[in-house]
Amino acid sequence: MGLKALKGTIVHTPVLGAYEILNDGYIVVENDKVVGTFEALPEEYKNVEVADYTGKMIIPGFVDLHFHAPQFPNRGLGLDKELLPWLETYTFPEETKYADLDYAKNAYSKVIHELWKQGTTRAVLFGTIHREANELLMDMLNEAGLGAMVGKVNMDRNSPPTYCERTEDSIAETRKFIENTKDKYKLVKPIITPRFVPTCTPELMRALGNMAEEYGVHIQSHLDENRGEIDWVSALHPEHENYSVVYDNYKLFGNTTPTVMAHCIWNGPEEIELMKKRNMWVAHCPHSNTNLSSGIAPVRTYLKEGIHVGLASDISGGHDVSIPKTIAAAAQSAKLRWVYLNDGEEVLSTPEWLYLATKGGGEFFGKVGSFEPGYEFDALVIDDSTIADVNERKTEERIERYIYVGDDRNIEARYVAGNLVQEPKF
């Protein structure tokens, strides 16, 4: 790929809570990584080809830390239900269909196109229990040029007869899935994915924790989303003091590899302390948390404790793939929590939310989500000239306005790991 440069209004958040803005500045990129940002192009780069986006904003690509790819056809359905009835009525029947690879290809082509369209350059995806469909999804993501982690879902108990694995088959297929894919692509990787504790036997969880350690593969699951779910886990595992400890007992809680847990709404102090000790990530899913009447996660508490937090659409408990719309929902939910609970959960500022949407989630992938030197160059070029206004706006106001009232039509270009990514042609 070599050297290249981009010119425009550069906006990113190297630290939580503050924009770093360079109006009419330059980003120099070598292969897939950022060399640096500059007010003027340094002499040593004067012959580098420059993509001129003057007047437009260049921001890091959005990161979605929790997205159920096979649930994409279900978005907007069943959102008058709570979590467990919603799973039984809509989710499990839809996911069963992915045994059919033609169905999977058709559905996943739409998922990938929507991720590209909305400016999601990296995503952590749940697949289904079907190894072949998950490998197909990874092939398609790689072809599209997006970055992702894809999980073969594991479930061997408390699941419909048509969508439940034998324990030994789940273990064997997961091992084969990891071996087939862990070194196949640069930007698309496998991730260990127990659906959640109620659908995984101790034998299966133990095997998955051991595999994560053996292969050095990241882990994802759900934690403390819904009070009925938490009660169910307590009934299944009375020997453990809380939901987090169940995962921890089976090395599925950041014990050996980076781990992200979705939701984390009802975590108690002991769980938060364990999350901090294990260097965990939280995937904050505001649309889903409200749609399924689950609650409002204490995001500020996690940040104060030094726990990593990123944002997530949680399709299809969430209904919108757009991470800017997720930012708006997260901010609105946090304000309601602050008003009604008055529990010290100070609301977050817009630059803090942008940090969570980019670097906060991006670092689950490594050096992703910022324009600091050495970070992989994932970026969006935002043309906000079509957002109606009669006033000149500061860059801070422009980025806030794009988040709240802009949409995918304002994204002029998308870069992933240094590559300009064109619209997928599936």
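Predicted model: local features only at pLDDT ≥ 70, side-chain atom pairs only at ≥ 80, totals over all residues.
Local features were taken at pLDDT of at least 70 and side-chain atom pairs only at pLDDT 80 or more, whereas totals for chains, interfaces and linings use all residues. Residues are numbered from 1 along each chain as its sequence is written, and side-chain values rest on heavy atoms, with hydrogens and water left out.

A search of the whole structure finds 29 salt bridges, each defined as a side-chain nitrogen of Lys or Arg within 4 Å of a carboxyl oxygen of Asp or Glu. One of them joins Arg-122 and Glu-376 at 3.2 Å, N to O, and this pair links distant parts of the chain, 254 residues apart, with Arg-122 in strand E6 (residues 120-126) and Glu-376 in the loop between helix H12 (350-362) and strand E15 (379-382); helices (H or I, at least four residues) and strands (E, at least two) are DSSP runs numbered from the N terminus. Arg-122 is buried at 3% relative accessible area, as is Glu-376 at 13%, where buried means under 20%, exposed over 50% and partly exposed in between, with a 1.4 Å probe and protein chains only. In the salt bridge between Asp-32 and Lys-33, the closest N and O atoms are 3.4 Å apart; Asp-32 is buried at 9%, whereas Lys-33 is partly exposed at 36%. A network of salt bridges links Asp-384, Asp-389, Arg-393, Arg-398 and Arg-401.

Tyr-340, in helix H11 (residues 323-341), is exposed, with a relative accessible area of 68%.
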